[in-house]
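Reader: I would like to go through this structure feature by feature. Please give the general idea each time, then the case at hand.

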Amino acid sequence: MLVAGKGTRMRPLTLTRPKVLLEVGGRPLLSYTIEALKAVGMREAVFVVNYMEEAIRAWLGDGSAFGIKAYYVRQKEPRGTADAIACASELAATEDGVLAIYGDLFITPEAVRAVLDEHLRHRPEATMGVVRVKNPEQFGMVRAEGGWLRELVEKPKSWEGPPLANAGIYVLTPEALEAMRDVEPSKRGELEATSALQELAAEGDTVRVAEVRPEDWLDVGRPWDLLEANERALRRMEPAMMGDVEPGACLNGPVFVAEEARVRSGAYIEGPAYIGPGADVGPNCYIRPCTSLSARVRIGNACEIKNSIVMEGTHIGHLSYVGDSIIGAYCNLGAGTITANLRFDKASVRVFVKGVRVDTGRRKLGVIMGDFVQTGIGTLLMPGVRIWPRCWIGPNLVVERDITEEGVFVRLRQEVLVGEVPAEEKSR
């Protein structure tokens, strides 16, 4: 499994953690992929690591807690997916080949099974998963004929034919693994798995294409993709009541309340929703559907949280609204902090990603906030704003653009005018 990337498009969230450990539905993304592998009979996995590898190793360990045997290979430099697969093949290769999966996916067992079944039916040199997408210009696109790969085009400006994108799930025989080792750098200077597959496909019917259902696959490449992954995870979640729910609290729909969590009187929670271990919710607050509150999150009086991910240890104490947002770990939002999530013109929100303003396709999107951010009272955050970790946002400030420097204090400069009270007022 390829988990070495820096996740630069996910910043600020990945400045303090690897992308695969971002949580949706109360669990890291990587846990869902491991679950899918186990469901199709896999009991061993090689993880190709680099960026913040210590965090991945600490969370996963030897894999025994998750029912697998985990091995690690360090990709010395981020040279591309073909190089990562070649690194892993030294440990993972068998006579039948390997199953390779990109780590930044939210997938079901059915997605993996579709690729494996297609490979076993046809026994090609390689099989790649493909999925139908609505925006071909954002993906590596695949042309196939009779189920065989004919062409791969990276992020085309226009596309004709079935909108089949590379799903990042491969079954590779020893011949395909050899192609991964021998591939030449692409125009981007990377050793890419797609280039190796294209070379194999040029030899004829050698690379099989297996279609994966869109509902079984999601590319979690940008911050707002986490919100969709979170919604999917919560809708699959089994509700449970393991914490303390006080009389007078109302839970409507599937809600998971973890151990040592507390839901105080007057709290109204609409599922699907996840309340993590040690979280403290209420009194008199409103948790709306598709919200995940991680461990030890505090949501206080007169707060409303809607379709959002609030990470570990964050406090949203009182009189605040957080909608369609991702709030990092150990943040503290001052009273009256409001996240705007809708433009006046009702157009989809646009967000800067690696210096380019990208249309998210989401009509509603709030703030994307890194870890350890603090806001003062009355802070207003405009749609799609990103805030880097450890920033302080002063009171009564409207944040209209990204704050992309870590650990800065942003505040208003006020001019205070002191004048005399009229004499008649003084005499009262």
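Author: Start with burial: buried means under 20% relative accessible area, exposed over 50%, and partly exposed in between (1.4 Å probe, protein chains only). Ala302, at 36% relative accessibility, therefore counts as partly exposed. This is a predicted model, in which local features need pLDDT of at least 70 and side-chain atom pairs count only at pLDDT 80 or more, while totals for chains, interfaces and linings use all residues. Residues are numbered from 1 along each chain as its sequence is written, and side-chain values use heavy atoms, with hydrogens and water left out.

Reader: Where does Ala302 lie?

Author: Helices (H or I, at least four residues) and strands (E, at least two) are DSSP runs, numbered from the N terminus. Ala302 sits in the loop between strand S23 (298–301) and strand S24 (304–306). Its phi is near 60°, a positive value in a residue other than glycine. Arg390 also is not a glycine and has a positive phi, of about 65°. Arg390 belongs to the loop between S36 and strand S37 (392–393), and with a relative accessible area of 39% Arg390 is partly exposed.

Reader: In what order do the strands of the open sheet run?

Author: Two strands pair if DSSP finds at least two bridges between them. Here 8 strands form an open sheet with parallel pairing, in the order S13-S16-S19-S22-S25-S28-S33-S36. Strand S13 (240–241) and strand S36 (386–387) stand at the edges with a single partner strand each, so one side of each has no neighbour in the sheet. S13 pairs with strand S16 (residues 255–257) in the parallel sense over 2 bridges. Met241 has Val257 in S16 as its bridge partner.

Reader: How many salt bridges does the structure hold?

Author: A salt bridge is a side-chain nitrogen of Lys or Arg within 4 Å of a carboxyl oxygen of Asp or Glu. The structure holds 30 of them. In one, Arg298 and Asp280 meet at 3.6 Å, N to O. This pair links distant parts of the chain, since Arg298 is in strand S23 and Asp280 in strand S20, 18 residues apart. Arg298 is partly exposed at a relative accessible area of 21%, whereas Asp280, at 16%, counts as buried.

Reader: What does Asp402 form a salt bridge with?

Author: Its partner is Arg386, the closest N and O atoms being 2.9 Å apart. They too link distant parts of the chain: Asp402 is in the loop between strand S38 (398–399) and strand S39 (409–410), and Arg386 is in strand S36, 16 residues apart. Arg386 is buried, with a relative accessible area of 7%. Elsewhere, salt bridges that share partners join Arg27, Glu35 and Arg236 into one network.
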